[in-house]
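Please open the model in your viewer and keep the selection tool at hand.

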Amino acid sequence: MNNLVNIKIDGNKYQVEAGKNLVDAAKENGIYIPTLCHFHNQDHALGTCRICTVIVNGKTTTSCTTKVNEGIEVEINTPELIDTRKAIIEMLFAEGNHFCPSCEKSGNCDLQNLAYDMGITVTRFPHVYSNKVVDFNSDRMIMESNRCILCMRCVEEVKTDEGKNIFSFVKRGINTRVQIDYEEEKKLTQSEAMHAMNLCPVGAILVKGMVYKEPFGDRKYDLVGKEKEAARKENFVKKGANNKFIVATTSLAGCFGCHMSLLDIDTDIVDVLEIVEFNKSPLTDIKKFSKRCDVGLIEGGCANSENIEVLKEFRKKCDILIAFGECAIMGGIPAMRNFVPLKECLEEAYINGLTSEIGANIIPNHEDIPKLLNNVYPCNEIVKIDYYIPGCPPDANHIWKVVKNILLNEEYSITHEEFKYD
Amino acid sequence: MNILWDIQKKRRCISRDDMTKISKAFNISRIELEGVISFYHFYHLKHAGKYTIYLNNSIISKYKDFYRVKKAFEKEIGIKTGHVTKDGLFGLFETSCIGLSDQETSALINFNAFTNLTPEKVKTLISKLRQGESLESLSNFPENNIQYTPEENKTVFFKPYHQGNALKKIIGIEPDSVIDLIKASKLSGRGGAFFPTGLKWQFCRDNKSDQKYIICNADEGEPGTFKDRVLMNEHPGLLIEGMTIAGYAVGATEGTIYLRAEYFYLKNKLEKTIKKFLEKGLLGKNILGIEGFDFNLNIHMGAGAYVCGEETALIASMEGKRGEPTTKEFFPVEKGYLGKPTVVNNVETLCAAARILEMGLDNYLAIGTKATPGTKLMSVSGDCNKPGIYEIEWGMKLKYFLDLIEAKDPHFILFNGFSGECLSSQDFDREISGENLLAEHIQFQLNDPIEYARKMSAVGLRSGGAFMIFDKTRDLLPILKNITDFFVAESCGICVPCRTGNFLLNKKLHKIKLCHADKNDLEEIKEWCSIIKQSSRCGLGKTSTNCLLTAMLKFPEEFNKCLLAESDINQAFNLEKAVDNYDKIINEIETTYE
Ligand SMILES: Cc1cc2nc3c(=O)[nH]c(=O)nc-3n(C[C@H](O)[C@H](O)[C@H](O)COP(=O)(O)O)c2cc1C
Ligand code: SF4
Ligand code: SF4
Ligand code: SF4
């Protein structure tokens, strides 16, 4: 190799080939800079996802658009930059509508993988829940804009033989989305179409009938980041009381799956009961709080007025509130109704649905029945949530471990394996 | 894009058939074309009315008569904003600042300007249009409102102009010497980025190529700025000479004025002036008899996108693409328009360059301050007696400037437009100049107002030219909300921090405005701002939070007065509101299925 230049990354010196882009140059030296829009053998950088943001000679820029040259000094892993990168990923989740449990790409998804890798359990940003287009009109492809991160890979890379674009951005700002040209799309060969689907870092481009090519449980990212440990949170110091810790649980707009999972711990429940006493909970059937609790476990988000009341009650009565399961964290499956007008939901369920009685044109309503909210909300948009346990549902051991760790103020010791569901 | 304009103007929309035809002609896919059309907000896919009305909704307009004027329009035409009448006669839309901030409330109807509108005027206007009077006869050409210039020998821009005087100075001077002259004058970009103009030209000159371009950035999209409009209206010839000189210096033979669509009414004048120059041999082939010195000019119309003021987006837009900024892997002076070296300069920069040649370096350097010689154009609007254009010598104290414009009770100032900063009385002793500047990241690290005042008192204020002033009766929050509204509408959508970050900030500000927020929300805003700043791709995202951040630093009381006590429960959540759809639906359904 000729043309070597000296560069500094986070204080260490390296020699790399001149003119290479920083992502690849760092990679060759074993330094990983996360990326989404960048891919191997790319002619010109897209620079759309901003995740590879670093500081070069004191200025923030993206590494995929930086060509290394003599003497540059790069900072990659400062706490601030790591947080910025994390924030960008979180923002992507808040912006799109990512329901991983029902996504074809889950397990093969670059976005999901980065989120795992950075230890993201919840996004700091409120979900936008905008109504996005899912376009089935093309004969072969589906464009799932809910998942698109607008990385531009498909726009730049997928062309017909005549060099025409098949995908294009339309509109601008928050309304920007990718649209397929149906006519041009027909001209692609099947393998080119598959290439487009695989090129997409998320599950936005789908070729009909071809999505479950790889079997479950054997996915691209299953082996990555095994040794990673989740970060320890330090602030909450809670001394153990003389006797037992009091725990309350509830299921709001969830499927009770998370509660089922709680019970999956089998006979170990005896150990749990040694340090824990349950108060209000479906497990005990205690309906009302009879005393103040140390920990409240919340399953499910808020879909109706009662959910809101219960959640607020929990916040008032519990010192620590933990949201467990995706529905509590981001609305989950019930939140999928946020994209359908409430009226249509109700009509479908009670009037036009197959199972509804013909002619019984009634939507249940009574002052004793809780009212449905316009939208389904994640718990943290209503009250402050102290901890999150992701999963759909989270594993029993996982849940109890976290609860125990919090109560006894121990270090978290959940490995990546235990923490990963797809 | 010119074709798209022709169709839009003639048919009032660009239909599917048109799109198919155009895409065939240009050999691109239809969807790519649709992507381009849908990027610009003056192109419509649906019929936009025979008379398309764009009402300016920026904050200055709102503080004048916007709401009443809007209501008057809606009442007279009988539709809500954002719609077109059934007969297709009128379409009513809102748009962001149209560069008439000193003559608000203003609107454009088929790109004819209507300034100082009142509800009464709207009424007569609409009825006259209905009777078939011509738009041109009804519209009022915007006034220049030049309020102030220094003494004659210290004035650079607004003094008598004689065609060709500046250009003739290049006779007998080598291009390199022209560049040296501009370098020595310390002229820096007046579009807001202040890149040294001489250096830019040098880079372009050094890039060997068979073809180079000079582009004049007349997109003037920064809300509250209108100096370029006045300059082009007053001295269109000066701009042309400036561009020709730039062409001579860097070796370019083609020039383009990228004129924002909001200034359609200036196009005619510019074209006429170009024609005059051609007739006189001051443009075209062998200019001034200098063998081989060719330069041609044309005008390219924008179509309503603030981000197209960003130079790489501007070039993309000229190439007929979506106006998305590029990654800066290459600068325009390396690979610009059609991949050739290109200089992009602001109107004021180019005019200044022409004047520097005309008046001579020494005379120019005698004006202004050491780091920033010469004068600066300021566009003043808001709460003062004399809004309009001011040509001031660099180095003027802000305090003195406020007297000049006869500001009443100044409380806060948006300096440099929406992407600039927010100034308070703390800053009134600073001078308007480029002296002692601090690096930006240091400036934004200051968290303590007192420390800020100490550090910044000697630091000059450098400005692209917008000066919006608000008195004690105005609330800061609606202004900041208006600013984020603007950035949400104008973000190109390429990168998530700007696209969604500004959207989320906007919601947060709304929450504060409604007094539902607590301290945590403020902390979050700060954190989010710096994330957006750090990771956005172009200047739009990088500067979109400047005003908000400086405002939070300087006017904490404006925010605190709206805060609630901290609590673990989100006070903004209103249960009644959150179930109102349900109540409505139950009512509706019960009646429909009775
Ligand atoms: C979002 C954005 C908008 C801009 N808008 C304008 C504009 O309207 N007019 C302008 O002259 N420069 C604008 N600029 C600055 C240009 O990118 C560029 O710096 C300028 O045209 C260079 O000319 P100058 O060196 O003469 O200032 C804008 C920059 C950004 C990032
Ligand atoms: S695209 Fe990725 S992150 Fe989005 S829902 Fe699918 S698996 Fe989850
Ligand atoms: S569809 Fe996929 S490849 Fe295309 S822009 Fe969206 S995320 Fe990127
Ligand atoms: S910062 Fe905003 S305007 Fe600039 S490229 Fe990103 S999305 Fe587009």
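**Stop 1: the shell of ligand 4**

Select ligand 4 and the 13 residues that surround it, of which the closest are Cys492(B), Cys495(B), Cys498(B), Cys538(B) and Gly541(B); a residue counts as near if one of its heavy atoms lies within 4 Å. By class, this shell has 8 nonpolar, 4 polar and 1 charged residues. Here Ala, Val, Leu, Ile, Met, Phe, Trp, Tyr, Cys and Pro count as nonpolar, Asp, Glu, Lys and Arg as charged, and the others, Gly among them, as polar.

The model is predicted: local features need pLDDT of at least 70, side-chain atom pairs count only at pLDDT 80 or more, and totals for chains, interfaces and linings use all residues. Residues are numbered from 1 along each chain as its sequence is written, chains are lettered from A and ligands numbered from 1 in the order in which they are written, and side-chain values use heavy atoms, with hydrogens and water left out.

**Stop 2: chain B against chain A**

Next, select the 59 residues of chain B and the 69 residues of chain A that are in contact (heavy atoms within 4.5 Å). Between them the chains bury about 5,600 Å², with 59% of it on carbon and sulfur atoms; buried area is the accessible area (1.4 Å probe) that two parts lose on being put together, summed over both.

Which side chains meet in a salt bridge at 3.3 Å, N to O? They are those of Lys371(A) and Asp583(B). The count between the two chains is 4 salt bridges (a side-chain nitrogen of Lys or Arg within 4 Å of a carboxyl oxygen of Asp or Glu).
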